[in-house]
Amino acid sequence: MAPLAAQTVISPALAAPSDNALDHRNDKSLVTLVDNGTALAVVVIADDADTLTRQAAADLVRVVGIATGVQLPQAEDSQVAGGAFPGKVRINVGAVPGNTEAPLVKGLDREGFVIHVWSDAVNIVGATSEGTVFGSTEFLERFVGASWLMPTDLGEDVPATKKLAVPRLVFKTAPNFVSRQISPFFLWKGGAQNAQFEWARRLGVVTGRVDFHHNMYSVISPTVFGKSNPEFFPLRNGVPYIPPATAQTGWQPRYHAPGIAEAAAQQILSKVTSTTTTFSLGVNDSSGYSDDEINPSVLNSFGFTSASEPYYAFVNEVARIVTAVHPDLKFGVLAYANVADPPPFALHPSVVPFLTRDRATWADKATRKRDQQWTSDWASAATELGWYDYPYGSPYCLPRVPLGVLGDSIEFAHKRDVKHFYAELYPNWGEGPKPWVYAKMLWDADANVKDLTTRWCQRAVGTAAADDLKKYFDLWEDFWSKRIPSTDWYGVTRIYQQFNDGSYLQAATEEDLSRSRALLESAKSKADPGKPAARADKLLQAFAYYEDSALSYPKPPQDIASTTDAISVLNLAVGQVEDRILRAARRLQLVDQFKSDPLLYQPSDPRSWTLVWSGWNFYPLWRLADYIARNEPQSGPVRDRLKQLLAGSPTTNQSRFLQYLQKAIDGGVVQRGSNMSFDNPTPAPWTVPTGSKVNAAVQPHNGSSVLELPFGYNGLLAQTVNVTPGPFRFTAWFRGSTTQPPSGYNGYTVCQFYDANNKVIRQYRAPRAALKYAVDSWRQSELTEMVPDGAVTAACWIVVETDGVVYVDDAQFLQVAPIS
């Protein structure tokens, strides 16, 4: 549960007589439950105790047994009342006849509980049996010293003791957030990852009380209304679009269509019953709003065309109709993308918006301030709020642990009276304390993140090793909280940060990786024997994936300003070839090996998010080729060094790199595609969005004109080119309009490769160019990789996501000709 700071604790030193607390101020004795191998207590449950209460009691007996080596007896109340276990202290779990805790429990949230320690009894009573379960865990954490640091038996930490004694006190608490749901834990119940579910259940982060997920496809179903009411579906070019029956994304109902709210309400009334407490009116995913419900020239605070007014008017009317029959029903909605901003009118009191945002972005002060105002604006429009966050672990390829930032956001949410919290965590247990700290903060938002992190490290590996482990996580917290916000990868994020773009790995230095390994190895060597040492080893295993990812990701070299620089870059690039290729392959092998281990398992496979690279780092090749072309067109020391390396004994892949570089400087670079600089009167053969135009009035990056994209464009330009084996380089330049400048978002290049049968082989994405930096100057996105085996064509995409007007120019797709 949570530290003392956030709970009502009435102890001998603090208590005052009242209707809700007994006066124990004059009794400072401890109540002994186990002493030197002897059980002095009995665990008691009501004769008619439900399953949850019985489980809580059994868990208490089990954990006390681990700590003391003594198995406390367990009995039903009638047995003890009949004379069994005379003289033993009763540990009453749940509502047991005769206890007097009802006044204290009254008014608590259903997951709240009271622990009342008398001289001859300990009462652990929840407002419901759910609360009793949490009360039992709190008792074990607070008085036995148990911790559940991570899933599986390895994560359970129970210190040994010969004596278990507890102080006389009255203690009550309830969670700060009534909904605390971390994804995907609650989806893993009973499956291969059930150990993760059980950990999350104990920590109290599988509770959701309001349904809000994408659901409009089931309310206005194409199967039900497609033929009878085509006007309920979005207009596209003036014609109703009727989605396929199974389509759940990419379209929305036409929310202002006459009669649609009434039809939706009748559908809901046919689905809910008197016991239904909540129903989702969440929009479908991936936009797809009706043409007549959005204005391309009006963007919301997240840079999307706004559809808040028609959508929330529809939601209000549906809620009004349905609550006339079911007055206590709550409707969850997603304040997401096109409907992220509140409407200019109040929401129906039964509607609970969940505000979707990756609060790791609060490392940036301007983003933090803007988001806090956004929450305040919503608080003025809605009676009750939820937050939806994206503190992803997997598929990130480094430990993403901006714990201080996340803690600040949770504390703010609680102060703004946010009641519900949902988070897409996708745990990566190489992140150590993050899931545990996150869960603790959702129960007690005032808890101190640094103290929690220190406590986790100490319990995980022991006090001697804890400092090294804490320094390891501090290093990566600094990386995400202080260093990453200034990178193009960070840019200005819309809803969630770009987990499918691995270019944050370019900011991780070799020093970061070597320092991290040294700290973890030191922690392992100092860890207490047994589970602490095993946990340290597990974290070291998880680090191997981070290490291989960071040290294999393509990365530009140092600037080449001299011959010395060029030779240094050449030597380093050749020296790293084999190691990079080995690590790129091994990181994926580790992902596969980790699948059978809940603590190493990556729930989001990097291959599903294009977080795959060959290990070939061709940034140095192109930089060296440019330098040699400018400075050594015929001969020179860099060319001489290249010849020396080729004449030596290079490995196979070193030889290939050197031959490709030789080919490049000898004129073997081929330009693919056409009209790459948009200098023709039309953009063809590029496929471009409606409203794009070739503009010769704007100063180009190269050539005579640029391609101007429409205001607020989010999409791609496309051209297909033929390819041959070998290195390629696909670049494009971006610049923002000075009259309608982008305040944020990204531009980047993508290549998707196809074989002779037009089957996709692989996709590579370039690091993003942050458009907030591209108003006064051109900014480049550069993708360089090895054409995958079997590829014959490549779809070249220039992707733009913006809230202003952006110019694109001087795209290039270069290939080094094949080597023999």
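User: How much space lies in the second largest cavity?

Analyst: This is a predicted model, in which local features need pLDDT of at least 70 and side-chain atom pairs count only at pLDDT 80 or more, while totals for chains, interfaces and linings use all residues. Residues are numbered from 1 along each chain as its sequence is written, and side-chain values use heavy atoms, with hydrogens and water left out. A cavity is a set of points, on a 1 Å grid over the protein atoms alone, where a 1.4 Å probe fits but cannot get out, and its volume is the space filled by probe spheres set on those points, which are joined across faces, edges and corners. For the second largest cavity, that space is about 60 Å³.

User: Which helix gives the most to the lining of the second largest cavity?

Analyst: Lining residues have an atom within 4 Å of a cavity point, and here they are Ala573, Gln576, Val577, Arg580, Gly615, Trp616, Asn617 and Phe657. By class, four of them are nonpolar, three polar and one charged. Helices are DSSP runs of H or I with at least four residues, and strands are runs of E with at least two, numbered from the N terminus. The helix that gives the most, with four residues, spans 563-594 and is H18.

User: Which strand gives the most to the lining of the largest cavity?

Analyst: The largest cavity has a volume of about 170 Å³, and of the 19 residues that line it, the closest to its centre are Tyr553, Val612, Trp613, Arg765 and Leu783. That lining divides into nine nonpolar, six polar and four charged residues. At least two lining residues come from each of strand E28 (760-765) and strand E30 (779-786). The most, four residues, comes from E30.

User: Why is strand E6 largely enclosed by the rest of the structure, and how many of its residues are buried?

Analyst: Val89, Ile91 and Val93 point one way from E6, whereas Arg90 and Asn92 point the other way, and all are buried, a word that means under 20% relative accessible area with a 1.4 Å probe and protein chains only. Strand E6 (residues 89-93) is therefore largely enclosed by the rest of the structure, the number of its residues that are buried being five of the five.

User: Which residue in E8 stands opposite Val93?

Analyst: Two strands pair if DSSP finds at least two bridges between them. E6 pairs in the parallel sense with strand E4 (residues 41-45) over four bridges, where Val43 has Ile91 as its bridge partner. Four bridges also join E6 to strand E8 (residues 121-126), and these two run parallel. In E8, the residue opposite Val93 is Ile124.

Conventions
On a 1 Å grid over the protein atoms alone, a cavity is a set of points where a 1.4 Å probe fits but cannot get out, and a pocket is an open set with protein on both sides within 12 Å along at least five of seven lines; lining residues have an atom within 4 Å of a point. Ala, Val, Leu, Ile, Met, Phe, Trp, Tyr, Cys and Pro count as nonpolar, Asp, Glu, Lys and Arg as charged, and the others, Gly among them, as polar. Buried means under 20% relative accessible area, exposed over 50%, partly exposed in between (1.4 Å probe, protein chains only).
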